[in-house]
Amino acid sequence: MVTISPSVTTIIIGQTATLTASGADSYTWHTGSNQSSIDVTPTQQTSYTVSGSRNGCVGQATATVTTTCTNASAQAISTTVFSELGPGNCSVKITGSGFGTSMIVTGPDNYVYSSVYRRAGTYTTTANVTKPGTYTFTVQNKNACGDVFTDTRTFLVTGTACQ
């Protein structure tokens, strides 16, 4: 009788499970492998089948590996406005630091500045603004299933815009 012993039956997308067949002298997995064990990294729930033979008898077994997503935290850590708008200072630098994969600064008159990163991490983005008002710094992070997590901070740019 052929059996499959999975190292785990549920994995987070991107992780690997090892499937080990036993009860036969030779094995053939539907993946084409002839090893007694295979490592699998499915991106969705997947069933794996192995055929095994011993003394001319053939048996078959199936195991299913289920996938799940992790929560992906997003954190807006800090925002800084470096000066005040006014005569001789028509643009001020603002920075936002956070943990995620994208950072977006929005403000008056449909102002938008964004930075996008391939991997989640702690990053700082810098923008120059020319209008006073309330700005929003939003950090986003996406998990392997596409769920988006956000964290937001608001800050005020003071002074008078140059004419």
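**Cysteines and their labels**

Trainee: Why does Cys162 count as partly exposed?

Mentor: Its relative accessibility is 31%. Buried means under 20% relative accessible area, exposed over 50%, and partly exposed in between (1.4 Å probe, protein chains only), so Cys162 counts as partly exposed at 31%. Keep in mind that this is a predicted model, where local features need pLDDT of at least 70, side-chain atom pairs count only at pLDDT 80 or more, and totals for chains, interfaces and linings use all residues. Residues are numbered from 1 along each chain as its sequence is written, and side-chain values use heavy atoms, with hydrogens and water left out.

Trainee: What makes Cys90 and Cys162 a disulfide?

Mentor: A disulfide is a pair of cysteine sulfur atoms within 2.5 Å. The sulfur atoms of Cys90 and Cys162 are 1.9 Å apart, so they form one.

Trainee: Why is the disulfide of Cys90 and Cys162 called left-handed?

Mentor: The torsion about its S-S bond is about -95°, so the disulfide is left-handed.

Trainee: How many disulfides does the rule give?

Mentor: Two. The other joins Cys69 to Cys145, with S to S at 1.3 Å. With 70° about the S-S bond, the link of Cys69 and Cys145 is right-handed.

Trainee: What is the pairing of the bonded cysteines in sequence order?

Mentor: Numbered that way, the pairing is 1-3, 2-4.

Trainee: Why is Cys57 called exposed, but Cys145 partly exposed?

Mentor: Cys57 has 54% relative accessibility, so it counts as exposed. Cys145, at 44%, counts as partly exposed.
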